[in-house]
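Please look over the sequence and the model before reading on.

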Amino acid sequence: MAIVLGLLVSIGYGSADFVGGLAARRNDVLGIVIRAQLVGAVAVPVLALAVGRSSPSAVDLLHGAGAGLAGLVGLTFLFQGLASGTMGVVAPVTGVGTATVPVVVGLLGGERPSGLTLLGVAVALVAIVLVALEPSAPGSPGVTVGQVARALVAGGGFGVAYALIGTISHEAGMWPLVAQRLTTLVLAVSLSLATLGLGGTRRRVAMAPGTGWMPTANGTLEVATLSTYVVATDLGLLSVVGPLASLYPGATVVLARLVLDERLSRTQVVGLAVTAVGVALIAAG
């Protein structure tokens, strides 16, 4: 059951990214983040109460808040990359960053990952070069170095968030995740107010016709996926569920192909295959 739930987590996160990126093609990125995080700000406290474990330390809550800041960076750059480039490339590159950063953090903290993990990092770097330098096939939005850079920054943000969440104690339950969601929401609103003012923020949050459901769907998918992840890690090993959850870019790639008919060049297809190998090696290590 844990394996099935782990796969559902990857599908949920990948679908959420696709919907969020689709919304960003016609709307302001911060407006999407604000609306999506509102869903989480309401739903995650309910989940925290339902889980029952409620003994978070101040450090746990600070790590949750730090993950919220890193997550805001990740979401902002991810949606920008998905909105302006080929989703089938941006999502996997983001996944590389998400998988690699915790490894780097572990190295700096004195951990010694296996040779497979280090090989996976090296393979992932080669994959990034392959997908970034080759022109996209006709019919796709194309990929630029700037878009790949956004994807790497997004992956770095998510990787830092996951690394911080990974240090949270088991006794804290989901309350640090409440701090994470509230921090992301407050920072997004504050940044919007600082750049546009109250009236501008209202316009920023307003959605283009036909897209109003997308941020809500994004936020709902994230919350549902988060609760599924909690159940999966309770039923099975984190070392099994975690790698399965890291396959989320695959869902984004499939949806982009089916819904948007995105096409990739042969070199990019090879690059994406190499990306999958790199992420698998990092997870297996």
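## Helix α2 against helix α3

The crossing of α2 and α3 is right-handed, where a crossing is called left-handed if the near helix is turned anticlockwise from the far one by less than a right angle, and right-handed if clockwise. Helix α2 covers residues 29-51 and helix α3 covers residues 58-84, and their axes come within 9 Å and cross at roughly 130°. That angle makes α2 oblique to α3, since angles under 35 degrees count as roughly parallel, over 145 as roughly antiparallel, 65 to 115 as roughly perpendicular and the rest as oblique. Axes are lines fitted to C-alpha atoms, for helices over the stretch in contact, and angles run from 0 to 180 degrees between N-to-C directions.

On the α2 side the contact (heavy atoms within 4.5 Å) is made by Val29, Leu30, Ile32, Val33 and Gln37, and on the α3 side by Leu72, Leu75, Thr76, Phe79 and Gln80. By class, this contact of α2 with α3 has seven nonpolar, three polar and no charged residues; Ala, Val, Leu, Ile, Met, Phe, Trp, Tyr, Cys and Pro count as nonpolar, Asp, Glu, Lys and Arg as charged, and the others, Gly among them, as polar.

## About the model

The model is predicted, and local features need pLDDT of at least 70, side-chain atom pairs count only at pLDDT 80 or more, while totals for chains, interfaces and linings use all residues. Residues are numbered from 1 along each chain as its sequence is written, and side-chain values use heavy atoms, with hydrogens and water left out. Helices (H or I, at least four residues) and strands (E, at least two) are DSSP runs, numbered from the N terminus.

## Two further helix pairs

Helix α3 also packs with helix α6 (residues 145-165), at an angle of about 155° and with the axes 7 Å apart. That makes α3 roughly antiparallel to α6, and α3 passes α6 in a left-handed crossing. The residues of the contact of α3 with α6 divide into 13 nonpolar, nine polar and one charged.

Helix α2, in turn, meets helix α7 (residues 175-205), their axes coming within 8 Å and crossing at roughly 150°. The two helices α2 and α7 are therefore roughly antiparallel to each other, and their crossing is left-handed. By class, the contact of α2 with α7 has 18 nonpolar, five polar and three charged residues.
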